[in-house]
Structure formats: C-alpha cells, structure tokens
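Below is a briefing on a single protein chain, prepared for a reader who works with coordinates. Please look over the sequence and the structure before reading the notes.

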Amino acid sequence: MTSVVIVDDETLVRYGFELILGAGPDIDVVATSNDVDAVRVIALHRPDVVLLDVRMPHVNGLDVLRELQSLTDPPSVAMLTTFDAEEYIGRAMELGAAGFLLKDTDPEALAEYVRVLARGGVVIAPGVDRRRLFAARAPIEPPRLSDRERAVLACIADGASNPEIGRRLGVSTGTVKEDVRALLVTFGVATRVQLALRAAEAGLLDG
C-alpha cells in the first residue's frame, strides 16, 4: 500500500482528493491536514507521498517542503497548485519537490501520479507550464557522460524508478543505484528531481 497525506487549507480539496485516492485498492490516505499543522501530521504518519498546497494563508507551502526535506527518509512531495501560482514551480523543484499537480487534475490520472511519485518518479501534470522550471536561470556547462549515464538520466526524467531503469537498460538495480549516486555527485545535487532539472538545463535531455 502507498500511504498518502494531503495538505491543503481548502476542506473541499482535501475531501475530494481523499475520496478519489481512497477508491484505489493500493493507496491509503492516512491523514489530511490544513496548513498550520502540516509538518507535525506528516512527521507523525511518515507517508510515502505528500500532496502539498504550494500557497496557503497561514503557512507557505515552500517552507513546509523545506522542513520535510530535513526529515530522515523524507516523503516524495508533489505540490498542488492553480494556474495563477505557477511562479512557485522552479523554487519548489529546487527545494526537492518531486512534482507539480494542478488542483483540477483528472481524477482518473491522480492515482497513477501518486503511484509514480511513490516509485521515485517525477510528475509534472499536463497543463503546468514546464518553461517555468528553468526561468531566470543561468545555463550550466554539460558534464561529460557515458552513453549509459545519459540513458539513466533520460529514464529519471521520464519518472522511472530504479528497477524500471534496470529493466529498460538491461542492468541490475544495484548498478542503477550506483549510476544515480554518481550522477548526483557529478551534478552536485541531492535529489533525482534536481538531477533531472540540471540535465535538462545542460541540454542533455530531449524535449
């Protein structure tokens, strides 16, 4: 079972997401929270995935995200947003968010997005302006990589987990873990999301 905590100051949003995800046989919404007690609730339940509103009246979603990254084995976090809050995308990704979902995400797709997040993948829902990921950022010099390292990067950007990458490339999961660890060091980042962003900025990914 994939455990999920939903954080949003709007009761209707929390209820709707809980209802949709709770219908899945492999997803358990263990708690929902408004903004003020979000970190406490998440630390208590230690979910696999957190859906976190990026803009709330009493607590900044980015501040909550920053605190979550200090936890031991932090959850995979996807920010919930509306079109008028997309300016937060780049900063949230830099802080370790694993995705961005619009609050009007297709209900049929929502559960699958959560499964991808739980596997360590990256989710940017249709409708989110991906150009904002790289807005106002200086270009970086692309490092020299092997063909397999480039292939691993492409798989990470595609939201694939380590076992999935191993199957695609015909190597063991252990080998993939070592490749990912080396890539994190090469790019000087701490998370797979940041790694995918850096690779895209360096022109190492198609699309």
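The model is predicted: local features need pLDDT of at least 70, side-chain atom pairs count only at pLDDT 80 or more, and totals for chains, interfaces and linings use all residues. Residues are numbered from 1 along each chain as its sequence is written, and side-chain values use heavy atoms, with hydrogens and water left out. Helices (H or I, at least four residues) and strands (E, at least two) are DSSP runs, numbered from the N terminus.

**Recorded site**

- An unreviewed UniProt entry lists Asp53 for "modified residue: 4-aspartylphosphate"; such annotations may be inferred rather than shown by experiment, and UniProt positions are given in the numbering used here, with feature names shortened.
- Asp53 belongs to strand β3, which spans residues 49–53.
- Asp53 counts as buried because its relative accessibility is 3% (buried means under 20% relative accessible area, exposed over 50%, and partly exposed in between, with a 1.4 Å probe and protein chains only).
- Apart from neighbours within four places in sequence, Asp53 is in contact with Val7, Asp8, Asp9, Gly61, Met79, Leu80 and Lys103 (contact means heavy atoms within 4.5 Å).

**Other buried positions**

- Ser76 sits in strand β4 (residues 76–81), and its relative accessible area of 15% makes Ser76 buried.
- With neighbours within four places in sequence set aside, the contacts of Ser76 are Asp48, Val49, Val50, Ala98 and Leu117.
- Val116 is part of helix α5 (residues 107–118) and, at 14% relative accessibility, is buried.
- Not counting residues up to four places away in sequence, Val116 touches Gly121, Val122, Val123 and Gly159.
- From C-alpha to C-alpha, Val116 and Leu68 are 19 Å apart in space, and they are 48 residues apart in sequence.

- Arg46, a residue other than glycine, has a positive phi near 45°.
- The loop between α2 (38–45) and β3 holds Arg46, which is partly exposed at a relative accessible area of 38%.
- Asp73 is not a glycine either, yet has a positive phi of about 55°.
- Asp73 lies in the loop between α3 (61–68) and β4 and is exposed, with a relative accessible area of 66%.

**Helix packing**

- Two packed helices are described by the angle between their axes and the distance between the axes.
- Axes are lines fitted to C-alpha atoms, for helices over the stretch in contact, and angles run from 0 to 180 degrees between N-to-C directions.
- Helix α8 (residues 173–187) and helix α9 (residues 192–201) pack at about 60°, with axes 10 Å apart.
- α8 and α9 are therefore oblique to each other (angles under 35 degrees count as roughly parallel, over 145 as roughly antiparallel, 65 to 115 as roughly perpendicular and the rest as oblique).
- In α8, Val180, Leu183, Leu184 and Phe187 meet Arg192, Leu195, Arg198 and Ala199 of α9.
- The residues of this α8 and α9 contact divide into six nonpolar, no polar and two charged (Ala, Val, Leu, Ile, Met, Phe, Trp, Tyr, Cys and Pro count as nonpolar, Asp, Glu, Lys and Arg as charged, and the others, Gly among them, as polar).
- The axes of helix α6 (residues 147–157) and helix α7 (residues 162–169) come within 10 Å and cross at roughly 130°, so α6 and α7 are oblique to each other.
- Arg148, Ala151, Val152, Cys155 and Ile156 in α6 meet Ile165, Arg168 and Leu169 in α7.
- The contact of α6 with α7 comprises six nonpolar, no polar and two charged residues.
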